[in-house]
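I opened this notebook page to record what I looked up in the model, going from one site to the next. My notes follow the order in which I took the sites.

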Amino acid sequence: MSTVAETSKGELTSEEQAHLSDRAKGERNLGWRLAGPAFVVMLLVTLYPIAYAVYLSLFNYRLTDPAGKKLVWLQNYITALSDSLFWQAFVTTLVIVVVTLVFELILGMAIAMVMHRVVWPRRTLRTVVLIPYAIVTVVSGFSWLYAAQIDTGFFNHWLHFITFGGFSESYNWFGGRWSSLAIICLSEIWKTTPFMSLLLLAGLAQVDSAQEEAAKVDGATWMQRFTKVILPNMKAALMVALLFRTLDAVRIYDNPYVMTGGANKTNTLSMLVGTETVSRVEIGMGSALAVILFLIVLIIAFIFVKLFKVDLTTSGRS
């Protein structure tokens, strides 16, 4: 009798599983029917410019001389990758990405934890924190430019006062490569840290407070609770925050363009693409550089996904 009951129970479970499977398939098909048209349009809008850029990158094509368009295959890529200007821009972009990402992660996490713990005034605090991110990047760039210049700025006056006269008031921040990059990185950190903190705050909201309390009762220190409980539980949000900010920093254009215009070896990869395509109207070389930048972004995204090993489609589901 018990065997029959177990068999009946097993058959019922199989039916439920089949029913759930059919239901899941139906929901998936419905989702594709609803989102399919928009997905196809987005795919076409995205793929066409990429494919066209790849196509143009195979030509020696200057916009002012359309009749001289000549197929050179991969020569533009070879020229770009063998040019010291490209690697100079690559190093500049890499420095900006690494420096800004490290500081934004540390400051963003600190701000996110404060906003997560504060009960009152929570909404006001979040609004104030997000103000820098709401400012247009070009406006932010000009603000930092004027603040760091000798004649219009206050940076030198403040540093001169804080160091009791040890810092020169006539120091030219934009007179060298590394000092220029310092101001560019500071402006980028100031503006985009709120975005990082907002994404990390969403991750902190997913952390089970019961696990934190249990770890605290077991005698775990704050650092142990942070590294063993908080960070593992917000892995998906951490990956999204780092990935978004890294990809955004790799494509940085506004701040360096506003502050230095590429002077003192502060050209970024995006600025190099803009110079070749817009200023020099070298469409073939500019397209090749754009494709290289796209491949760099693609590689970075692949590395992040593989490194964090997070499935965003199932993250947060019970």
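I started from Thr193 and, leaving aside residues up to four places away in sequence, I found that Thr193 touches Glu104, Leu107, Gly108, Ile111 and Glu188. I kept in mind throughout that this is a predicted model. Thr193 belongs to helix H8, which covers residues 177-204.

Next I turned to the aromatic rings, and I noted 17 aromatic pairs in the structure. One of them joins Phe154 and Trp158, whose ring centres are 4.6 Å apart and whose planes make an angle of 50°, so that I list the pair as tilted, given that planes under 30 degrees apart count as stacked and those over 60 as edge-to-face. I also checked how open the two partners are: Phe154 is partly exposed at a relative accessible area of 34%, while Trp158, at 55%, is exposed.

Last, I looked for charges placed over rings and stopped at Lys69. Lys69 lies over the face of Phe59, 4.7 Å from the ring centre, and the charged end of Lys69 also sits over the ring of Tyr61, at 5.0 Å from the centre of that ring.

Notes
Residues numbered from 1 in each chain as written. Predicted model: local features only at pLDDT ≥ 70, side-chain atom pairs only at ≥ 80, totals over all residues. Heavy atoms only, no water. Phe/Tyr/Trp six-rings, centres within 6.5 Å; stacked < 30°, edge-to-face > 60°. Buried < 20%, exposed > 50% of the residue type's maximum accessible area, 1.4 Å probe, protein only. Lys NZ or Arg CZ within 6 Å of the ring centre and 35° of its normal. Helix = DSSP H or I, 4+ residues; strand = E, 2+ residues; numbered from the N terminus. Contact = heavy atoms within 4.5 Å.
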